[in-house]
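Student: I would like to learn how to read a sheet and a ligand site in a model like this one. Could we go through it together?

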Amino acid sequence: MDEVTISAMTEADYDEVHALWLTIRGFGIRALDDSREDIARFIRRNPTTSVVARQGGRIVGSILCGSDGRQGALYHVCVARECRRRGIGTRMVSYCMQQLRQMGINRVALIAFTRNEVGNAFWKKIGWNEKSDVNYYTFELNDKNITRFIGEEHEHS
Ligand SMILES: CC(C)(COP(=O)(O)OP(=O)(O)OC[C@H]1O[C@@H](n2cnc3c(N)ncnc32)[C@H](O)[C@@H]1OP(=O)(O)O)[C@@H](O)C(=O)NCCC(=O)NCCS
């Protein structure tokens, strides 16, 4: 079996990473935030922190990772279904954390849907702390940024 390599995600990886996202059941893909233009903007702002895992030239995992200068954030952490449970997720998260540390960032956070059993098992196993004392607030600034949930029939905003 080909070796898995972990490297920084670049704008050129967008098509393949986007295609991978569309296979990940439960992912919410946003019309604007996950578009080619907005992902390119995210990567320009955070050129070293997002990651792809490749095997035999094919992208089998990825993480969007960035920082606002105070705290790091992970988005769309995923591994292709047939490549799971081989440590690729753990390796990608370690890569992101190492990059953030090198930038002087001291904490990293992410959101996992409470119903995501696999995701929550993963974060707990690799030592992340679940915060049960916070509420998560959002405010939509653009009503065109519709979220499409993969594997579900209806769209949510
Ligand atoms: C979560 C995800 C990225 C993990 O990727 P992965 O490459 O399979 O993870 P690893 O192989 O590094 O797993 C590390 C440990 O996490 C735990 N874990 C991973 N998947 C698990 C599962 N399905 N059930 C229970 N524990 C699991 C295990 O303890 C595992 O170690 P082990 O295989 O030695 O028992 C992958 O399952 C995925 O893409 N899921 C769908 C998208 C998603 O939910 N992303 C997270 C959003 S918050």
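This is a predicted model: local features need pLDDT of at least 70, side-chain atom pairs count only at pLDDT 80 or more; totals for chains, interfaces and linings use all residues.

Student: How many residues surround the ligand, and which are the closest?

Tutor: The ligand has 20 residues around it, and V77, G87, G89, T90 and N116 are the closest. Sorted by class, the shell holds twelve nonpolar residues, four polar ones and four charged ones.

Student: Where do polar atoms of the protein lie relative to nitrogen and oxygen atoms of the ligand?

Tutor: Begin with the backbone: a polar backbone atom of V77 is 2.8 Å from a nitrogen atom of the ligand. Then turn to the side chains. N116 places a polar side-chain atom 2.7 Å from a ligand oxygen atom, while for R84 the distance from a polar side-chain atom to an oxygen atom of the ligand is 3.5 Å. On its own the ligand has 910 Å² of accessible area, and the protein covers 78% of that.

Student: Now the sheet. In what order do the strands come?

Tutor: The general idea is that strands of a sheet pair through backbone hydrogen bonds, in either a parallel or an antiparallel way. Here five strands make an open sheet with mixed pairing, in the order β1-β3-β4-β5-β6. The edges are β1 (4-8) and β6 (108-109); each has a single partner strand, so one side of each lacks a neighbour in the sheet.

Student: How many bridges join β3 to β4?

Tutor: Five bridges link β3 (residues 51-55) with β4 (residues 58-67), and the two strands run antiparallel.

Conventions:
Residues are numbered from 1 along each chain as its sequence is written. Side-chain values use heavy atoms; hydrogens and water are left out. Two strands pair if DSSP finds at least two bridges between them. Helices (H or I, at least four residues) and strands (E, at least two) are DSSP runs, numbered from the N terminus. A residue is near a molecule or strand if one of its heavy atoms lies within 4 Å of it. A polar contact is a pair of N or O atoms within 3.5 Å; within protein, one must be able to donate a hydrogen and the other to accept it, and residues adjacent in sequence count only if both atoms are side-chain atoms. Accessible areas come from the Shrake-Rupley method with a 1.4 Å probe; for residues, only the protein chains shown count as cover. Ala, Val, Leu, Ile, Met, Phe, Trp, Tyr, Cys and Pro count as nonpolar, Asp, Glu, Lys and Arg as charged, and the others, Gly among them, as polar.
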